[in-house]
Structure formats: structure tokens, C-alpha cells
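Opening the notebook on a new structure today.

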Number of protein chains: 2
Amino acid sequence: MSNYFLRTLREDPSDAEVTSHRLLVRAGYIRRQAPGIFAWLPLGLKVKAKIETIIREEMAAAGAFEVHFPALLPREPYETTGRWDEYGDGLFRLQDRKGSDLLLAPTHEEVFTLMVKDLYNSYKDLPLSIFQIQDKYRDEARSRGGLLRGREFTMKDAYSFDHTDAGLETSYQAQRDAYERIFTRLGLEYVVVQADAGAMGGSKSEEFLHPTPVGEDTFVRSAGGYAANVEAFRTLVPESIDVTGFPAAQVQDTPDTPTIQTLVDSANASQPRPDGREWTAADTLKNVVLALVQPDGSREIVVIGLPGDREVDLKRVEVAFAPAEVEAANDGDFAKLAKIPGRPGLVKGYIGPWSAASAMLGAESATGIRYLVDPRIVDGTEWITGANEAGRHVFGLVAGRDFIADGTVEAADVRAGDPAPDGSGPVELARGMEIGHVFQLGRKYAEALGLKVLDENGKLVTVTMGSYGIGVTRALAVIAELNNDEKGLIWPEAVAPFDVHVIATGRDEIVFETSEAVTALVEASGRDVLYDDRRKVSPGVKFGDAELIGIPTIVIVGRGAADGIVELWDRRSGERTQVAVTELAAHFA
Amino acid sequence: MSNYFLRTLREDPSDAEVTSHRLLVRAGYIRRQAPGIFAWLPLGLKVKAKIETIIREEMAAAGAFEVHFPALLPREPYETTGRWDEYGDGLFRLQDRKGSDLLLAPTHEEVFTLMVKDLYNSYKDLPLSIFQIQDKYRDEARSRGGLLRGREFTMKDAYSFDHTDAGLETSYQAQRDAYERIFTRLGLEYVVVQADAGAMGGSKSEEFLHPTPVGEDTFVRSAGGYAANVEAFRTLVPESIDVTGFPAAQVQDTPDTPTIQTLVDSANASQPRPDGREWTAADTLKNVVLALVQPDGSREIVVIGLPGDREVDLKRVEVAFAPAEVEAANDGDFAKLAKIPGRPGLVKGYIGPWSAASAMLGAESATGIRYLVDPRIVDGTEWITGANEAGRHVFGLVAGRDFIADGTVEAADVRAGDPAPDGSGPVELARGMEIGHVFQLGRKYAEALGLKVLDENGKLVTVTMGSYGIGVTRALAVIAELNNDEKGLIWPEAVAPFDVHVIATGRDEIVFETSEAVTALVEASGRDVLYDDRRKVSPGVKFGDAELIGIPTIVIVGRGAADGIVELWDRRSGERTQVAVTELAAHFA
């Protein structure tokens with residue numbers, strides 16, 4: 001350590017918001033170069049290399065071949081699949097000296113697809129799984145959390161190519177199994193949750209989440225085994241009810257009831273519920289107006305109906321409408337909607353169902369504005385909702401009789417106790433960090449880029465693909481998040497930068513001689529040693545550094561050296577044991 | 001090979017200008033993604049990894065620690081050192097979503113300097129050498145030659161930090177020694193030549209060139225041991241001569257002599273040389289007008305005088321005037337120079353010396369335009385040169401008497417037979433490819449970025465640095481350039497993607513059983529095997545692929561398998577030897 005390129009810091013970096021960032025900087029593993037962009041010091045690079053080795057081994061075991069694609073790529077393939085635009089501000093774009101458009105790749109589906117198209121042409125060449133461990137770029141709006149969400153980050157991305165759906169299922173499963181082995185070896189507890197595949201254009205997708213209260217993602221799980229992230233959660237659709245036999249809906253004056261709460265209060269005061277119970281927000285149908293902004297800049301207004309006791313979850317809505325960005329409707333939108341030829345306009349606070357509701361609401365023409373509802377709003381459900389007139393609401397409006405929506409949408413928030421869609425019982429909500437993501441892309445990329453092979457019958461068929469990612473630098477950060485105490489990092493053995501930390505304390509030559517002998521002895525056992533040979537540094541500082549750096553096993557060589565005794569210090573348990581040097585070899589054998 | 005991700009091509013890629021590019025693509029090592037940007041297939045990645053391992057081992061032996069810096073970096077440090085502008089069009093620049101300027105780093109002096117400044121503060125922390133193996137970016141005007149000059153390429157760059165000049169010398173030597181070991185292990189013949197350190201702002205620099213007729217660089221060497229690239233070659237300056245006693249210069253009519261050849265012919269016809277010999281171009285002083293365009297866009301005109309038998313070497317001039325770009329003066333420049341207040345203007349084809357030549361040439365004022373001369377134009381040399389009047393020249397113009405230049409410049413081309421500046425005799429010219437470059441940067445970067453440490457006396461001193469680069473992907477290409485024949489690549493053992501290529505030929509099960517046994521046996525010896533187990537591919541195609549791929553040792557398992565005999569095929573010599581399977585283990589032991 002007297003000449004190793006390593007400096008520990010006493011102070012936390014001022015920009016560190018999370019533990020891993022704080023400790024990795026303080027302990028000399030990484031240094032920030034720009035927002036979300038880090039340099040790797042020797043200790044950090046060693047941990048990263050160990051993680052990469054584990055991933056490589058498991059990718060090889062899964063039959064995937066390693067390749068390496070450039071980070072700097074031409075625009076065209078991403079233009080063809082639409083992602084040049086869809087990535088929006090998240091994509092780093094640049095031009096070369098000739099004015100050609102280039103990008104720093106955030107992911108590589110396009111060029112892997114083109115490579116296989118370039119080299120393969122028969123089903124006999126498939127299945128194929130190829131992967132790379134490579135630096136990727138995403139211009140995050142807010143690159144907080146140190147390595148958890150960097151703008152330059154290392155990823156393992158794998159892609160599978162099959163000519164049948166069954167083949168894709170097998171390739172997908174092989175990667176999924178490899179992920180389970182990788183995270184187990186890394187000591188990362190994980191939950192595999194259903195994820196939304198929409199953003200990647202795929203058909204099926206699962207996320208590996210590490211459950212932690214500080215996670216950025218919310219997921220749900222039921223005791224019966226259902227697990228999904230909230231974006232992928234699907235509402236359990238209730239049974240429809242025959243719409244005949246309901247009393248007719250009635251428009252009522254409900255002055256000054258622009259909010260759900262004022263409406264419920266007013267209803268309980270003036271329109272007692274036939275069954276004698278109180279009206280609640282769940283009896284009301286709330287209609288929310290949103291604007292969808294497509295990557296090409298076009299703007300579409302949609303109206304979303306959901307039970308009044310639910311809020312719109314923007315993350316779920318964005319997934320539902322991807323790649324559009326979703327905004328609340330603005331005053332301009334409302335102004336336009338207030339006057340619609342041939343039917344009542346929308347009145348803010350008193351918006352009613354839309355579309356096929358025309359008859360009941362006195363409309364004579366379609367509007368072109370989609371009306372989508374929460375999946376719970378099935379035929380035969382009765383609602384109190386706006387009458388599209390200021391100060392008036394409709395009572396007893398029956399879905400399927402008085403209005404028919406243009407479709408359903410998963411826009412409502414998910415709550416603990418909601419039933420899992422597979423019938424496995426109520427879900428609980430938890431937080432997690434994404435550590436891996438597997439997608440069945442299907443044929444989207446192969447179709448867009450023309451990747452076909454001849455099948456067994458000599459017919460050209462479009463290849464079906466999978467895409468499988470692990471954030472290497474993020475996984476490192478998550479491991480650091482999990483493995484620390486107030487004094488510093490505590491690495492699991494599988495990824496520790498060194499296996500053993502030998503500390504010489506004291507000034508006698510016997511201490512340094514013994515330390516060197518101990519180092520040689522431990523190295524002879526095949527372990528990597530960081531030897532703190534600094535002569536002008538106090539034992540207290542050395543111990544503090546060792547705790548901060550977090551190598552799992554520490555050997556302290558001090559006063560006992562004269563008697564051939566050293567101390568073994570387990571960083572995780574804190575336990576210290578005296579051991580004779582003569583017994584060390586056996587200990588490390 | 002039946003499922004390995006590998007396809008060999010029958011046709012050369014249409015854009016391949018050099019052998020390495022052609023063969024690496026055809027043999028399935030790399031694929032082009034954009035001009036100067038390549039993807040690495042499994043075979044290529046394996047060769048690259050082997051080269052990197054050799055470099056890592058020798059860097060560790062040289063006491064350098066491995067780190068890893070981002071490719072995407074903020075503008076500021078490069079602005080501080082001036083390189084944000086100096087790199088001109090060669091730098092990939094971009095902006096993030098917030099409008100901050102970023103670059104893709106072409107080299108990392110700035111951020112390494114800042115890192116050390118950030119962490120170190122005492123001479124006791126030094127010396128320090130740190131390196132990385134990392135992908136770099138340069139927007140080459142013409143990215144020809146495949147991997148020889150890529151726009152995204154892998155480099156090993158190391159940086160040393162010392163607080164004394166002697167320390168820098170030691171650190172420099174350690175890297176230089178490591179380079180010799182690396183290139184020896186890679187089987188790359190090299191010449192270490194003096195190089196110009198100017199572009200990096202340094203004080204001393206050497207290049208490792210691989211001598212080859214297809215090299216991009218020209219270097220000179222003398223039998224006495226001098227070696228330099230032409231940019232760094234320094235002219236041996238002749239002795240000055242006492243300027244008294246020369247006859248006075250005379251302006252003569254020399255109609256229609258705008259070129260050196262017409263001037264020499266005219267002089268020989270009308271002005272016989274006093275010693276009776278013929279005038280030659282070497283007796284004339286040619287004055288060339290150049291425009292220097294600085295990175296900030298400002299334009300300066302300079303006039304360069306050199307013996308008429310020499311040409312301006314633009315590469316040498318560019319080094320002399322770096323970071324300015326050098327252009328020939330255009331008509332606009334000449335128009336301006338034709339009329340200069342207080343003295344004769346410049347007349348194209350009849351330009352004479354400048355500056356202090358004012359007296360003789362009738363000028364009364366300085367022009368602000370520098371007049372620089374070749375180092376051979378020492379005091380007491382006599383010249384025929386332009387008189388700054390159309391159709392007139394001056395004869396017997398004596399340097400140091402009739403004109404005094406503003407300085408000298410190494411602008412003239414270097415020729416075989418020119419004397420080496422160290423007196424080691426005449427030089428010969430040769431071509432080479434740069435495979436490594438070592439610089440003593442001195443204090444330029446540390447000064448610009450404020451890297452100081454406390455010295456032994458508690459005084460702040462600026463750190464002195466070295467910078468040391470090897471192009472990893474370029475080295476791979478050079479190895480491929482060197483090791484091939486008309487049939488394909490022939491890898492040296494140290495970097496071959498696999499050690500042994502086992503080929504099963506024939507249809508009998510015994511062939512495949514024997515091949516598998518041979519593969520297991522060779523792998524048991526610690527060697528990596530590529531096994532061609534394809535069942536529907538002819539022996540001829542398999543042999544062709546093996547020759548193209550270039551693994552040094554090939555084992556052919558064919559008809560002899562039934563008798564326990566296989567054939568060892570040495571790819572380089574072409575020699576084939578029959579060996580009993582029972583003897584193979586001993587052979588590979």
C-alpha cells in the first residue's frame with residue numbers, strides 16, 4: 001500500500017446521494033468525472049473484473065459466444081427501427097467531420113440483428129446466442145445514485161436468434177437460468193418479476209429485481225407466487241353483469257362538486273344510496289384528460305375513465321402509451337375540448353364518459369378522441385360521473401348500457417391488497433432495484449431489419465429474438481449497497497478486490513518481516529493480498545482504511561509477531577482471533 | 001465449429017485496402033460497422049484479449065497500476081490545455097441534454113493529471129505510473145486501412161508522474177523497456193526512432209516503428225545508430241562563413257524564369273559561375289509562401305526560404321508550426337502581399353528574402369511577416385534568388401550580410417544521404433508503422449492544470465509527466481499484416497485465437513470419435529482447441545477455412561484414424577507429419 005495507487009478519503013463526497021456512491025468514492029474505488037460518468041481506480045477495476053469474469057463464465061455455460069460491438073454507431077439502423085427518435089433526449093447524438101449522424105449506443109439490438117443477417121442464412125445456423133460486455137451510454141435526465149444510474153455504464157448484453165417460437169423459449173430460458181446462477185454467485189438476492197416488454201417492442205419480459213427499500217422500482221407480489229413490476233401489473237378483470245334491469249341513469253344538479261370528495265359528500269347528503277350504505281369514491285367514475293406526445297411531436301388527447309378512488313400512475317400510463325410521452329392536458333387542450341360540434345364539450349371537473357356515450361349524453365357525432373377505461377369498468381357496473389355540464393352529475397350510469405369505451409388501459413395505481421391477475425391472492429407492494437432484464441423481443445427487430453433464414457422447407461422465415469441485459473457497474477453498486485456498515489464496505493469473497501488484507505502495525509523490523517512472510521504464505525495459497533506496509537501510518541488509520549476498503553479477511557501483524565502470533569480479523573463479523581503463523585498455512589489451505 | 005459464431009467469406013470486402021483488413025474480415029475476426037469502426041467477432045476478440053494480457057503483464061512488471069477512465073468526458077479540462085480547439089475536426093464533440101459540451105477522448109492526459117492532483121500532494125506519493133486499456137476516438141479524415149487507423153480503437157495509455165527530471169527519466173525508461181518486452185513477445189520487429197514531441201507539448205519523445213514498406217510513416221536511420229522519424233529529423237547545420245570579402249550582390253534581368261529550373265538554365269546561359277561549374281538548383285534560394293491557420297481561425301502568412309533543390313515537406317512543416325494547420329498561400333494572400341507600404345511587394349515566382357533584407361532590397365519598413373529559413377542557409381552562404389520584381393533575380397546574395405532571417409525552420413524534405421545530426425553518417429530512408437509512442441511531456445499538463453506536490457523542502461513544485469501509448473487494435477492489425485500468405489492468416493503462437501485447430505475429415509464415426517479424443521487430449525495439455533466437427537462440409541473447404549483462420553498448429557483426423565494415425569500440419573511451414581494418436585500427448589507435453 002505504500003505505493004499502490006489508492007487514497008482513502010475522510011469526507012463523504014458532497015454529491016453522493018446513496019451509500020454505494022459515498023463508500024466507493026471514499027474507499028478509493030471510483031472517482032466522478034462528470035455527472036453520471038466515473039473513472040475506475042485499481043480497487044474498483046478489480047471488483048468490476050471479478051463480476052465480469054463470473055458473467056463470462058455463466059454466459060459460456062449458457063452457450064453464448066462473446067463478441068464486442070462499437071459504442072459509436074451510425075444512425076441508420078436505429079432510424080429503421082424508430083429508436084433514433086424514440087429515445088428522445090436519452091440518446092447521445094453527434095456528427096462526424098463529414099456531417100454523418102452517429103450515436104453512442106444505449107443498447108445494441110439493431111447491430112446484432114444486422115450482423116447475424118450479414119453472416120447467417122439458414123435455420124441450421126440457429127439457435128445462436130451472442131453477448132458482449134461493453135460500455136453503453138444513456139443521457140439520463142438525472143444521473144443520481146452514483147453507479148446505480150450512470151450515463152456511461154458497463155453492461156452485459158446478450159441476444160438470441162431462433163427461427164421458431166419454441167426455440168426462442170429455450171434460448172430465453174437458458175439466459176434466464178444463467179442470470180439466476182450469476183446473481184446467486186454475486187450474492188445478490190433477487191425476485192424475478194413480470195415486466196412490460198412494450199418499450200423494447202417485445203412479447204414477454206421479466207426483470208430481476210433486488211428487493212430493497214431504497215430501490216427505484218416498485219413491484220408487487222402475492223403469497224401465491226405472482227410477481228410483477230407495477231408497470232406490468234394487470235388488473236384482475238371482474239365478471240361482467242347483465243345490463244338489463246338497472247334503473248335509468250339520472251342527471252342531477254350537484255353544484256360546486258368539481259372534486260371526487262365534494263361529489264361524494266354531496267351525493268351522500270342529497271342522493272342516498274338505494275342500499276343504505278354511504279357513497280364512496282369507488283362509486284364514482286373519474287375522467288382524466290391526458291395529452292400523448294409522440295416522438296414525431298404530434299399531440300393526441302385521450303380521456304381515461306377510472307374509479308374515483310384510484311389515481312393515475314404516470315409510469316404505468318407511459319408504458320401503456322409508449323413510445324409517446326404523457327402530459328396532463330393543458331388549458332389550451334381544455335379550451336379546444338369545451339366546444340365540440342354536435343355534442344356537449346368537456347367541462348373541467350364535470351367530465352363524463354365519451355365516445356359511444358353519445359346517445360345518453362345527447363351527442364350526435366364522434367369526436368375522434370379516444371375514451372379508454374380502467375379494466376374494472378366492465379359492463380354492468382354503475383357509476384356516478386360527470387354530465388359534461390358545470391354543476392351536474394349523472395347517477396346510475398351503467399357501463400355497457402349508457403356508454404361503451406374505446407378500450408381499456410392500465411392507468412390506475414396498484415395498491416396493496418389488489419388481487420393478482422392469476423388468482424393467486426392479494427398482492428403486497430415492495431421496492432426493488434433492477435439488476436437484470438430478459439426480453440423475448442419476438443420478430444420486431446428482425447422484421448424491421450430484414451433478418452430472415454431459410455427454414456426446414458426452404459421457406460424464408462423471419463428470425464425471432466431475445467435480448468438479455470445485466471448492468472455490470474450497477475450490479476457492483478448494488479453489491480456495495482448491500483454489503484457495508486457504518487465503517488465502510490464489506491465485500492463478499494466472490495468479488496472482493498483482494499482476498500486478504502495484511503496489516504503491519506508497529507515499528508519493529510520483526511513486524512515487517514513477519515508481514516512479508518504472511519503475505520507470501522497467503523499468496524502461496526492462491527489468494528490475492530493487499531499488504532499495508534506503510535511505515536509512518538498509525539495502526540488506527542490502517543485499521544480504519546481496512547474497514548473502509550472492506551476486504552473480507554484481514555491479518556493484523558503486530559506485537560505478537562515476536563512470538564509468532566498474528567490476529568485474524570473477519571471484516572463482516574468483526575471477530576478477531578489469534579493464530580500462530582505456523583498455523584496460517586493450514587488455515588488458508 | 002458447427003455452432004461457433006464464425007463465418008468465413010469467400011470474397012474480399014470491397015472496402016479493404018490493406019491485407020490485414022481483408023483477411024481479418026474474410027476469416028471472421030472483425031466486421032465493419034461504419035468507416036473506421038469495427039465489431040469484434042469471437043475469434044478477433046480472443047486475439048485482442050491475448051495482446052491485452054501481454055500488455056497488462058508487462059505494465060505490471062513496470063510497476064504501473066491499471067485504472068479505467070471514461071471515453072465520454074467534459075470539455076473543461078481539454079479547454080484548459082487548449083486541446084479542445086487544437087484537435088480541430090479530429091475530435092468527436094457532442095452536447096448532452098442540458099447543453100453541456102462533451103467529447104469522446106482521443107487521449108487522456110488531462111483527466112489523469114486531474115486525478116493525481118485530486119488524490120496526491122507530496123513527493124512521497126511519487127513516482128506513480130498508471131495505465132488503462134480503453135477505447136478511444138479520433139475522427140480521422142480518412143479512416144483507411146481497417147484497424148490500422150480506426151475512428152474507434154483500443155489503446156493502452158500510461159502516464160507517469162514524478163517531481164524531478166531524473167525521476168521522469170527513470171519512469172520513461174521503465175515504460176520504454178516494457179515496450180521492448182511487449183513488442184518482442186508480440187513478435188513485432190521494431191525500430192525506436194526519435195519523434196517530435198511538439199504536438200503533445202513535451203520535451204522528448206520516441207516512436208516504436210515497425211519497419212515495413214507499406215508503413216504510413218517515413219523514418220531515417222544511419223549506420224551509426226541514429227534513427228528518427230522525418231518529422232523529428234534535424235538538419236546538420238553547416239559551419240558559418242565570414243561574410244566579408246564576398247563580391248556585392250547584383251540584381252540581373254532574368255526574363256521568364258518563374259521556376260527553379262528556368263532560373264538555373266537562364267543563369268547557366270547568361271551568368272556563368274565564377275568557378276566554372278554549372279549552376280544547380282542547390283545554388284538557388286527558393287522562397288515559399290505559406291498560410292498558418294491557428295485553431296482559433298486566425299491566419300498568418302510566413303515566407304520560408306530553402307535551397308532550390310529541396311521541396312517543402314508538409315508533414316515536417318505542420319509539426320514545426322503545430323497546432324496551426326498549414327496551407328499554401330492563396331491568390332488573396334498574394335494579392336495582399338503584392339502591395340506593401342514602404343517596400344517592394346512579393347512577386348510570385350520572383351520572391352526574395354525578407355525581413356532584414358530590407359536595406360538591400362530597398363525596403364524601408366518591417367512587414368510583420370516572418371521570414372524563416374532552412375538551417376542550411378547559414379551566414380556566409382551565397383544564393384541566387386528572387387529580386388521581388390517580375391523577371392529579375394539577385395546573384396551572389398550573402399546570408400548574414402544581405403539578409404538576416406527571423407529564424408530557421410525544419411521545412412525541407414529529408415533525403416537519403418543527408419547527414420545525421422549526431423555525426424553518425426548519412427541516413428537512409430525507410431517506411432514504418434507506428435506501434436508505440438513514448439513521450440516525456442514535462443510540466444506542460446501539470447502546469448496548465450495545477451498539479452503540484454510538496455517537495456523534500458516543503459516547497460510546492462510542479463509535477464513532471466510522461467505519456468506512453470500502444471495502439472492495441474493497431475498492433476493486432478500489424479501482426480496480421482506481417483503474418484499471412486496468399487491463403488490466409490498465420491498467427492504467432494503468443495496471440496493465436498486458439499492454439500490448435502482439429503479437423504475431422506470424412507464420414508466414418510471413427511473419425512469423429514478420434515477427433516474428440518484428440519481434442520480432449522490437446523486440451524488436457526493446457527491448449528485451447530478449435531474443433532471443426534462440421535459433418536456436411538468437404539475436407540477442402542475445411543482446409544481452406546483453417547488456412548484462412550490461421551491457427552498455427554492443425555491436426556487433421558481422416559482416413560488414418562482407423563489405424564490410430566493423424567496428421568500434424570504446421571500452418572506456417574506448410575509441413576505435414578503423420579503422428580500416432582498415442583504419441584500426441586508426448587508431442588504436446
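Predicted model: local features only at pLDDT ≥ 70, side-chain atom pairs only at ≥ 80, totals over all residues.

**Domains.** I started with how far apart the pieces of chain A sit: the C-alpha centres of domain 2 of chain A and domain 3 of chain A are 70 Å apart. I then looked up the bounds. Domain 1 of chain A takes in 44-233 + 428-481, domain 2 covers 250-408, and domain 3 covers 498-588.

**Chain A overall.** I checked the extent along the principal axes, and the C-alpha atoms of chain A fill a box of roughly 100 × 65 × 50 Å. For secondary structure I found 15 helices and 33 strands in chain A. Chain A has 589 residues, and 56% of them are buried. I also looked up the accessible surface of chain A, which comes to about 23700 Å², with 49% belonging to carbon and sulfur atoms. Then contacts: taking pairs in chain A at least 6 apart in sequence, 68% join residues at least 24 apart.

**Helix 1 against helix 12, chain A.** How do the axes of helix 1 and helix 12 of chain A cross? Helix 1 of chain A spans residues 19-26 and helix 12 of chain A spans residues 472-482; their axes come within 8 Å and cross at roughly 95°. Angles of 65 to 115 degrees count as roughly perpendicular, so that is what helix 1 of chain A is to helix 12 of chain A. By class, I noted four nonpolar, two polar and one charged residues in this contact. On the helix 1 side of chain A I listed A:Thr19, A:Ser20 and A:Leu24, and they meet A:Leu476, A:Ala477, A:Ala480 and A:Glu481 in helix 12 of chain A.

**Helix 5, chain B.** Over to chain B. Is helix 5 of chain B mostly covered or mostly uncovered? I got mostly covered: helix 5 of chain B runs over residues 109-119, and eight of its eleven residues are buried. I wrote down the buried ones: B:Glu109, B:Glu110, B:Val111, B:Phe112, B:Thr113, B:Met115, B:Val116 and B:Leu119.

**B:Asn229.** B:Asn229 lies in strand 12 of chain B, residues 227-229. Buried or exposed, I wondered about B:Asn229? Its relative accessible area is 3%, and the cut-off for buried is under 20%, so B:Asn229 counts as buried. Next I asked which residues B:Asn229 is in contact with, leaving aside neighbours within four places in sequence. I found B:Val193, B:Gln194, B:Ala195, B:Asp196, B:Glu207, B:Thr218 and B:Phe219.

How values were computed:
Residues numbered from 1 in each chain as written. Chains lettered and ligands numbered in written order. Heavy atoms only, no water. Domains from an automatic or database assignment. Axes fitted to C-alpha atoms, helices over the stretch in contact; angles between N-to-C directions. Helix = DSSP H or I, 4+ residues; strand = E, 2+ residues; numbered from the N terminus. Parallel < 35°, antiparallel > 145°, perpendicular 65-115°, else oblique. Contact = heavy atoms within 4.5 Å. Nonpolar A, V, L, I, M, F, W, Y, C, P; charged D, E, K, R; others polar. Buried < 20%, exposed > 50% of the residue type's maximum accessible area, 1.4 Å probe, protein only. Areas by Shrake-Rupley, 256 points an atom, 1.4 Å probe, with all protein chains shown as cover.
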